[in-house]
Amino acid sequence: MNGPQDLGGQMGFGPVAPERDEPYFHAAWERRALGVTLCAGSMGAWNIDESRHARESLHPADYYSSSYYQIWIKALETLLKRHGFVSERDLKAGEAIDAAATPKRVLKAENVPAVLAKGGPCDRPMAEPARFKAGDPVRTKNFNPTGHTRLPRYARGKRGTIEAVRDGFVFPDSNAHGQGENPQWVYTVAFDGTEIWGEGADPTLTVSIDAWESYLEPA
Amino acid sequence: MSHDHDHDNELDPFAARVRALETILSRKGLIDPAAIDVIVDTYETKIGPRNGARVVAKAWSDPAYADWLKRDATAAIESLSYTGRQGEHMQAVFNTGDTHNLVVCTLCSCYPWSVLGLPPVWYKAPPYRSRAVIDPRGVLAEFGLTLPATTRIRVWDSTAELRYLVVPMRPEGTEGWSEEQLAALVSRDAMIGTALAQEPQQAGEPA
C-alpha cells in the first residue's frame, strides 16, 4: 500500500539528529513494549509480514506523530483484537474481561534465549529455477496495490540491473494477508541514482533494493 | 531529557497503555512477564554492536575469513556464534577506496539485530529513512562525514529479509594490532555506513 511507511525520497522531515551515546531505551515502558511485542508475536497467530502491514496501516497522521515503539504497540493492539486475544472492552477497561483465543504457544522465560537465537528464517526451497541471473537488465513493475508490498514507490517502473540472485523467500504481499507463503526468488537490483531521481540526482549514487521475482520484468 | 530510564512518569498515558496491555495479556496467560525481562536483558546487555565490531576486526585480520564473509556472511558470522532474530540472512558489504556503502530500510526499520543490537531512534525515524536514498551525502554530512566528490555512494535499501553489515576500511597505522584492539575502532555507525572506522590517533594508543 502507498502508506506512511513508504518514506524513500519524501521531503520535509528535517535533519537526522543522531543522539550521542544513545541508550537502547528512552523510557521504561519502551522495554516492556519490546518484550510484549516479541512475546505476543511468539504466540504464532500472525507473521512478520502481517505485523509490518498492521504498522503501516496506521493513519498517516498517527504514524508520523508516533515514536517507533508507539507504532509497535498501536499495531499490536490491532493484531491482538483481530486474532481474538483482546477485546475493545479489555483495552477500554485496562483489564482482562473477555475470554481469549487459544495461542499456539506461550513463550516462557526459560525458552527465550533459544527462541531469540533461532530467529525466524524465511528462506524457502524453490522448485523452479530463478528467472533472472546476475547482470540481467530488468524493469520493476509499476503498480499500486492496496495491500502489503515491499516494492517502494520510488523504485517502481525503473530500469535496473540484477546484481545478485539471492534465495527463495516467503512472499510478503500474500503472506501478510493470510494468503500463503508463495515463496519467490529474491534478487538484489541496482539502479543508477539518475534513473530513480532524474534531473539533479547525485551522479555518484547507486541505490539497490531486494526485490521478489514478481516485481520484475525483463528490460 | 532525563536519562533516568528506570521509572516511567506515572502520568505518561503511553506508559499506562503499555502497562495495561501487559497486564491484560499476562492475566489471560498469553504472555509470561518473566520472558519480557529476559528479552530486555538480552538486548540491553548481551547483543550489541560489539558483536559486529568483532566480525569486522576478524575480516581485517584474516583474509580467508574476509573472503568467507563476502561469499556467505550468514555462515561466517554464525561461526562467531552471532545468530538469531533479525540476523537470519546476512550480507556483508565492503567499503573500498572508491565506494562507500550505506544501509537503510525505507519501508520500516530492518536492521541486523544479531550483530548490531537494537537500532538507534534515528535509524527508525522518517528523516533518515526518507533521505538516505535520495540525499546520502547530505545525511552523511549531518554525521560529520564528508566524502570526496568522486567517491561512489552505494545505498542498500533492505526491502526484503536480507540484513546488511557494512565492513569499513581498515585504518592506516594499525599494522600488527590484535583483533580486540581493531574492534575498538569499529563503531555501530561505521557498520551502518554513517561513519568510517576511527583512526588510531582518535582512539588513542592501543592498550
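Chain A has 8 helices and 5 strands, where helices (H or I, at least four residues) and strands (E, at least two) are DSSP runs numbered from the N terminus. This is a predicted model, in which local features need pLDDT of at least 70 and side-chain atom pairs count only at pLDDT 80 or more, while totals for chains, interfaces and linings use all residues. Residues are numbered from 1 along each chain as its sequence is written, and chains are lettered from A and ligands numbered from 1 in the order in which they are written.

From the N terminus on, the order of elements in chain A is α-α-α-α-α-α-β-β-α-β-α-β-β. Along the principal axes, the C-alpha atoms of chain A fill a box of roughly 55 × 45 × 35 Å. Of the 219 residues in chain A, 41% are buried; a residue is buried if 20 or more other C-beta atoms, placed from the backbone, lie within 10 Å of its own, exposed if 12 or fewer do, and partly exposed in between. Among contacts in chain A between residues at least 6 apart in sequence, 64% join residues at least 24 apart. Two residues are in contact if their C-beta atoms, placed from the backbone, lie within 7 Å.

Chain B contains 12 helices and 4 strands. The C-alpha trace of chain B spans about 55 × 35 × 35 Å along its principal axes, and 49% of the 207 residues in chain B are buried. For chain B, 71% of the contacts between residues at least 6 apart in sequence join residues at least 24 apart. The domain assignment, which is automatic or from a database, gives domain 1 (13–45) and domain 2 (48–203) in chain B. The centres of these two domains, taken over C-alpha atoms, are separated by 32 Å.

The two chains meet where 75 residues of chain A are in contact with 70 residues of chain B. On the side of chain A that touches chain B, at least two residues each come from helix 1 (28–41), helix 2 (48–56), helix 4 (68–82), helix 6 (112–118), strand 2 (159–169) and strand 4 (205–212) of chain A. Helix 1 of chain A gives the most to that side, with 11 residues. The residues of that side divide into 44 nonpolar, 14 polar and 17 charged. Here Ala, Val, Leu, Ile, Met, Phe, Trp, Tyr, Cys and Pro count as nonpolar, Asp, Glu, Lys and Arg as charged, and the others, Gly among them, as polar.

Helix 1 of chain A has 14 residues and reaches 20 Å from its first C-alpha to its last, close to the 20 Å expected at 1.5 Å times one less than its number of residues. Of its 14 residues, 12 are buried, including Trp29(A), Leu34(A) and Cys39(A). The buried residues of helix 1 of chain A pack against helix 4 of chain A together with helix 1 (13–27) and helix 2 (33–46) of chain B.

The chains also share an open sheet of 7 strands, in the order 5(A)-1(A)-2(A)-3(A)-4(A)-3(B)-2(B), with mixed pairing. Strand 5 (216–218) of chain A and strand 2 (99–104) of chain B stand at the edges, each with a single partner strand, so one side of each is left without a neighbour in the sheet. Two strands pair if DSSP finds at least two bridges between them. Strand 4 of chain A and strand 3 (residues 152–157) of chain B pair in the parallel sense over 5 bridges, and Thr206(A) has Arg154(B) as its bridge partner. Within chain A, strand 2 and strand 3 (residues 184–192) pair in the antiparallel sense over 6 bridges, with Ala190(A) as the bridge partner of Thr161(A).
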